Amino acid sequence: MTSDSVLRIFEEITTIPRESGHEGPMTDYLCKWAEDHGLEYKKDGTGNVCIIRPASKGRENVPTIVLQAHQDMVCEKKAGVRHDFRKDPIRYEIKDGWMVAPDTTLGADDGIGVAACLALMESKAEMGRVESVFTISEETGMDGAFAMESGFFTGKVLINLDSEDEGQLFIGCAGGENTDIRFHYQGENPDGDWKRLRLSLTGGQGGHSGDDINKHRLNAVQTMARFLDGELSSGLQLFMFRGGGKSNAIARECVAVISVPDSVKTKARFEAFAEKVKAEYASTEPDLVFKVRGDKSNEKAVDSKTALSLIHALATAPHGVERMSPDIEGLVQTSTNLAAVDMKRHGIIKVVTSQRSSVVAELDEVVKKVAKHFEAAGAEVKSYGKYPGWKPNLKSHILDVCTESYRRLFGQEPLVLAIHAGLECGLFLEKFPGLDMISFGPTLRGVHTPGEKLELASMDKFVKLLDDVICNYR
């Protein structure tokens, strides 16, 4: 197996639609790939796929290793970009040593993990029995891992290929839960003498709601709400508020349509607000764009009581780091992400949030905190999709094997860490007690955001490590 063989397969994968919940083409690709290579495979009713490569001659007594990656990808694009993730291939380029999708997500999370599994299984290297497991809808709730039945794979050692920093071996992760909020509103006739304005905020860096939650990234939804909250005393009607995207991504963009008694003064205050925000985030958000223009839409306004409650709730909602780990320096222990707002038809405004923690009690508390905050504003709240964390095991045999391999191959020590992001390992450990697990991968940046990129130099080391561990495992 080489980096070139992995990238060749990944390039094929970039042409396959695989949005979370719509992985059918990817599932079909995996099954056909197994058939074309004469390998046994199975698919469960959910869409999870397991492809089995039998042990090489003389390696029959080597313990089976499970390789695991997820089929789906987060589908995000820049505002104004025409791209249909259900049918269009990902457009990428090679620039300055990176493979990057300039206008969309690249899908290296976790397409590169899928490609590495397949490249290893088609290689001529001698190894023990390998089971490659590909789950569905990891990004939106770990549906495949939740639905997987016991016996779907048999190995007792699992290598998860869904990490994003070469040179780091992960042995633990946070658990998480989603909390959705709904405001119900009545239509209200607009004030005929007020002027409508369309306010937009774009160019936020966004990022992964776990990995990047402590990096002082702007939340476009909360920032827009902060401005509107300050304008309530001057009078406004709200016609539209929309921002953010997926529950596991920090909101990069937001737009609001309002009407106000004095559009000139409101415009001036918005522009002044924009300058303050740009100064506040000068080091982390260099590409912020604030725009204000007139709007001639003719929809009814959100009733004033609901508009006030919504705006104030968004402006003051919990968002960001709740607690850092007292045991592991630099590790976020508990956080919450105010992810998205979308105005639905029939008088419904939906707010999407997600919470994470490596401590079960703290996860429950932060979910409760978010729920109480929005319930106090008169909204309906529903939490769902809770998944467990993965407790580190410093006595892990696969950790020892990977550490020794990394040291021997590269002459340096890998970092052994836990991650403030959700991996399927916690669920696997519940369903398959006694699993010995580790997670590693090449370096990715901008995961879950347009401009996601893969560092090509890190691929060489990632591939060498995976190949060495699989081929020399005893």
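The model is predicted: local features need pLDDT of at least 70, side-chain atom pairs count only at pLDDT 80 or more, and totals for chains, interfaces and linings use all residues. Residues are numbered from 1 along each chain as its sequence is written, and side-chain values use heavy atoms, with hydrogens and water left out. Helices (H or I, at least four residues) and strands (E, at least two) are DSSP runs, numbered from the N terminus.

**Two helices in contact**

- Helix H2 spans residues 24-36 and helix H3 spans residues 108-122. Their axes come within 12 Å and cross at roughly 10 degrees. Axes are lines fitted to C-alpha atoms, for helices over the stretch in contact, and angles run from 0 to 180 degrees between N-to-C directions.
- That crossing makes H2 roughly parallel to H3. Angles under 35 degrees count as roughly parallel, over 145 as roughly antiparallel, 65 to 115 as roughly perpendicular and the rest as oblique.
- H2 contributes Met26, Tyr29, Leu30 and Trp33 to the contact, while H3 contributes Val114, Leu118, Met121 and Glu122. Contact means heavy atoms within 4.5 Å.
- The residues of this contact divide into 7 nonpolar, no polar and 1 charged. Here Ala, Val, Leu, Ile, Met, Phe, Trp, Tyr, Cys and Pro count as nonpolar, Asp, Glu, Lys and Arg as charged, and the others, Gly among them, as polar.

**Buried residues**

- Buried means under 20% relative accessible area, exposed over 50%, and partly exposed in between (1.4 Å probe, protein chains only).
- Helix H1 covers residues 3-13. Its buried residues are Ser3, Ser5, Val6, Leu7, Ile9, Phe10 and Ile13.
- The cover over the buried residues of H1 includes H2, H3 and H11, along with strand E5 (98-100) and strand E23 (453-455).
- Asp467 sits in helix H11 (residues 456-472). Asp467 is buried yet has no salt bridge. A salt bridge is a side-chain nitrogen of Lys or Arg within 4 Å of a carboxyl oxygen of Asp or Glu.
- For Asp467, the nearest side chain of opposite charge is Arg53, 8.2 Å away. Lys and Arg count as positive and Asp and Glu as negative; His and the chain ends are not counted.
- Asp467 touches Met1, Leu120 and Ala125, leaving aside residues up to four places away in sequence.

**Backbone geometry**

- The peptide bond from Asp109 to Asp110 is cis, with omega near 5 degrees. Asp110 belongs to helix H3.
- Asp96 has a phi near 55 degrees, a positive value in a residue other than glycine. Asp96 lies in the loop between strand E4 (93-95) and E5. Its relative accessibility is 70%, so Asp96 counts as exposed.
- His216 also is not a glycine, and has a positive phi of about 55 degrees. The loop that holds His216 runs between strand E11 (195-202) and helix H5 (220-231). At 41% relative accessibility, His216 counts as partly exposed.

**Salt bridges**

- The whole structure has 24 salt bridges.
- Asp165 pairs with Arg445, and their closest N and O atoms are 3.0 Å apart. This pair links distant parts of the chain, 280 residues apart. Asp165 is in the loop between strand E7 (157-160) and strand E8 (168-173), and Arg445 is in strand E22 (residues 444-445). Asp165 is buried at 18% relative accessibility, whereas Arg445 is partly exposed at 37%.
- Lys350 pairs with Asp180, and their closest N and O atoms are 3.7 Å apart. Lys350 lies in strand E18 (residues 348-357) and Asp180 in strand E9 (residues 175-184), so this pair ties together parts that are 170 residues apart in sequence. Lys350 is partly exposed at 23%, whereas Asp180 is buried at 12%.
- Glu271 and Lys267 meet in a salt bridge of 2.6 Å, N to O. They are separated by about one helical turn, because they are 4 residues apart in helix H6 (residues 263-280). Glu271 is partly exposed at 37%, and Lys267 is partly exposed at 35%.
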